[in-house]
Amino acid sequence: MGSFSAPFVAAGPSGVAVRDRLKGLTEQDERVLRLVGAHLGSLCARDLKARCADGVEHGPDGWAARKRNLTAGSSARWAGSITKATNDQWALARRGHLAHLRSLEAGMRTLEHRLSLPIGAKGGEGAPGGYRTRREWFAKSRRLALMRERLVAARADWDAGVVRVVRGGRRLLTSRHHLDKAGLTEAEWRQRWQASRWFLQADGESGKRYGNETIRVTPAGEVSIRLPGPLAHLANAPHSRYVLTARVAFQHRGAEWADRVEGNRAVAYRIHLDIGRGRWYLTASWRRAAVSGIPLETARARGIVGVDTNADHFAAWRLDRHGNPVGRPRRFDYDLSGPAPHRDAQVRHAITRLLHWAASCGVAAIGIEDLDFTAERTREKYGRRARFRQLVSGMPTGKLKARLAAMAAEVGLAIVAVDPAYTTKWGAQYWREPMGTPHRKVSRHDAASIAVGRRALGHPVRRRTAPPRHHQSDDAGYRTVQADRGDRRRERSRHPVTEPAHDACPRTRAMRKRETSASSTVRDARSPGRRARSPLPDTV
C-alpha cells in the first residue's frame, strides 16, 4: 500500500490585489484609455513575437535589446512593463507545454498497460484491466500510435523552445467561428477581442512617488497615466500625463493600500474594460512580506476541521485534538456550472461560509486534501466513464488551494494539507456506520472529512478491530479503548459500567433512599405470603 506523505501547513498568500470601479469617466477619458491600450497592445504583440522567436536561447542581452526597441514608441517604464509581461506569458505557455507532455506520457502508459493484458482481463487495485472486446483493443492500439506521433512532435517543440500562445486567449479566438453557440454577434465579438488585447498595466517601483510613475494614484484617489511618446499630444497635465476625472476609493484593504502609497512603496496597477457591463476598473496589487506559518503542533492543539472536497460541495466535520468527531457534519454547497465569474464567486462564497463556521468552532486550522488531478484527467485512465472524467476535470483544485490559503490567512486560520490516498474509502469503511444514528444519516463524504481530519492531526484513519468475542479478557466485553498511542492502558479491558445520559443529574442521598424503599415495596408485593427466614432451623 505504500507510505503516505506527511501533513504540512500550507504557505500563506504572497500578494494582495484589490479592485475599484472608475466611475464618472468622460468621453475624452474613455477615448484616451482606448487609444493608449490599443497602441501599447500592438507593441506587446510585437514583443511577444520577438520573445517566441528567441525561444530557450533568450537571455539578459536579448531582454535589454527588446526593451530598447520598445522605448522609442512608448517610454522606458512602459517598455519594462511590456517586456516583463511578455516573459511571464511565455513562461506560462512553457509550463502548459510541459503539462501537455506529461499528460501524453501518462495516457500512453495506461494504453500500453491495458493493451498488454488479455481481452477481458480483470484489473487490480489502482490498475485498470484489459479491454472488453477486440474491436475496442484495435481502436485503442490506433490511438496509441497517434499519441506517439503527437508526443514526438511535442518533444521536438519543447527542445526547440516553441510555444503556442495567443494574446487575448485561445477560447475567445475559437469562438469567432461559433458565434451562435457563444451568443455573440460579430461586432460584439470584435469588441471583446480588441479589449482583451489592450495593454494598460504598469509595475510598481519602490522609492518613486506614490509607488508607481507610470500609472499613479494619489492617496486622495486621483488617477493619472504617463502617455506614450506618440500620444503625448493628448496630455492634460505636465510631463506628458493625463489625469482622469474619475476618483477611486478602495473599500477593501483601503488602509493598507494608503500606507503603501504614502510610504512610496511599490504598487502595480492595471486598467481594464468589462465589455459585458461596459465598466472600467482599476486593480491595485502589491507583494506582502513572507509570513511564517504556525508550527504543525500548534495548529493541532485545539482540534481541527476536516474538509472533504467534492465537485459540488465541501463536507466538513470538527474533530478534537484526540481525533474524535464533535457535533454534527456540515455541508457547504456551490455550483460550478456557468461562466468563469459565476464559478469563481461560488467558490469564494462557499469558502467564506466554511471559514466563518470553522472560526466559530474555536479551532486553529483546517485540514484539506492536497489534491492534484494532473495525471488523472486523461480519457485513457477511466475509459468510457466520461461523466466521471468531467467530474474530476471540473473540480477547481488549483484555484481552490490558492483561494483557501489566502482567505484563511485573513481570519487567522492555518491550512494543513494531507495526502488524499484512501480518505474516501477508509472513511466510509471505518467511520460511516459508527457515526450514523437513526436520526442522522452520514454520507461517505462526511465520513471522508473525518478521515482527512484524523490524518491532519497525525492519527491513523483506520479503527482498530476488536478481538474475537471469546478471546476477550472480560468475556464478551468491548475491549477496544480509545486512548492515545503512548498510553499503556490502551490495550486494557474496559470495565463494564453503565454510561449515564448526557443530561443526567447527580443522584442525591434522598433519591437513593427513595429508590431503596421503592424496590423493597415491589419485592414484598410480588411475594405476599413469604416469611422472613430465620438463621436457625424450626423445631418441632
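Is Cys52 buried, partly exposed or exposed? Cys52 is partly exposed, at a relative accessible area of 25%, where buried means under 20% relative accessible area, exposed over 50%, and partly exposed in between (1.4 Å probe, protein chains only). Select Cys44 as well: this residue is buried, with a relative accessible area of 3%. A search of the whole structure returns zero disulfides, a disulfide being a pair of cysteine sulfur atoms within 2.5 Å.

**Conventions and overview**

The model is predicted: local features need pLDDT of at least 70, side-chain atom pairs count only at pLDDT 80 or more, and totals for chains, interfaces and linings use all residues. Residues are numbered from 1 along each chain as its sequence is written, and side-chain values use heavy atoms, with hydrogens and water left out.

Colour the chain by secondary structure to display 17 helices and 13 strands; helices (H or I, at least four residues) and strands (E, at least two) are DSSP runs, numbered from the N terminus. Of the 540 residues in the chain, 37% are buried. Among contacts between residues at least 6 apart in sequence, 65% join residues at least 24 apart, contact meaning heavy atoms within 4.5 Å.

**The four-stranded sheet**

Select S2, S8, S7 and S3, which in that order form an open sheet of four strands with antiparallel pairing; two strands pair if DSSP finds at least two bridges between them. Strand S2 (15-21) and strand S3 (201-202) stand at the edges with a single partner strand each, so one side of each has no neighbour in the sheet. Strand S7 (residues 268-274) and strand S8 (residues 279-287) run antiparallel and are joined by seven bridges. Within this pair, Ile271 stands opposite Leu282 in S8.

Turn next to S2, which is joined to S8 by seven bridges in an antiparallel arrangement. Val16 stands opposite Trp286 in S8. The covered face of S2 holds Val16, Val18 and Asp20, while Gly15, Ala17, Arg19 and Arg21 form the uncovered face.

**The nonpolar cores**

Which residues touch the most other members of the largest nonpolar core? They are Leu22, Trp257, Tyr269, Ile271, Trp280 and Leu282, in a core of 44 residues. A nonpolar core is a set of buried Ala, Val, Leu, Ile, Met, Phe, Trp, Tyr and Cys residues joined through side-chain atoms within 4.5 Å. Helix H1 (residues 27-54) supplies the largest share of this core, six residues. Centre the view on Trp257: leaving aside neighbours within four places in sequence, the contacts of Trp257 include Val217, Phe250, Tyr269 and Trp286. Another core, of 23 residues, lies apart from the largest one; among its members are Tyr334, Cys361, Ile368 and Leu404.

**The six-stranded sheet**

Select the open sheet of six strands with the order S1-S13-S12-S9-S10-S11, in which the pairing is mixed. Strand S1 (8-9) and strand S11 (325-333) are its edge strands, each pairing on one side only. Strand S9 (residues 304-309) and strand S12 (residues 365-369) run parallel, joined by three bridges, and Gly306 stands opposite Gly367 in S12. Helix H10 (residues 340-361) lies across S9, strand S10 (313-319), S11 and S12, at about 5° to S10.

Go to Ser175, in the loop between helix H5 (170-174) and helix H6 (179-182). Ser175 is buried, with a relative accessible area of 14%. Its side chain makes a polar contact of 3.4 Å with that of Trp189; a polar contact is a pair of N or O atoms within 3.5 Å, and within protein one must be able to donate a hydrogen and the other to accept it, while residues adjacent in sequence count only if both atoms are side-chain atoms.

His239, in the loop between strand S5 (222-226) and strand S6 (241-247), is exposed at 67% relative accessible area. Its phi is near 60°, a positive value in a residue other than glycine. Finish at Arg253, in the loop between S6 and H8, which has a positive phi of about 60° although it is not a glycine. Arg253 is buried, with a relative accessible area of 18%.

Methods
Axes fitted to C-alpha atoms, helices over the stretch in contact; angles between N-to-C directions.
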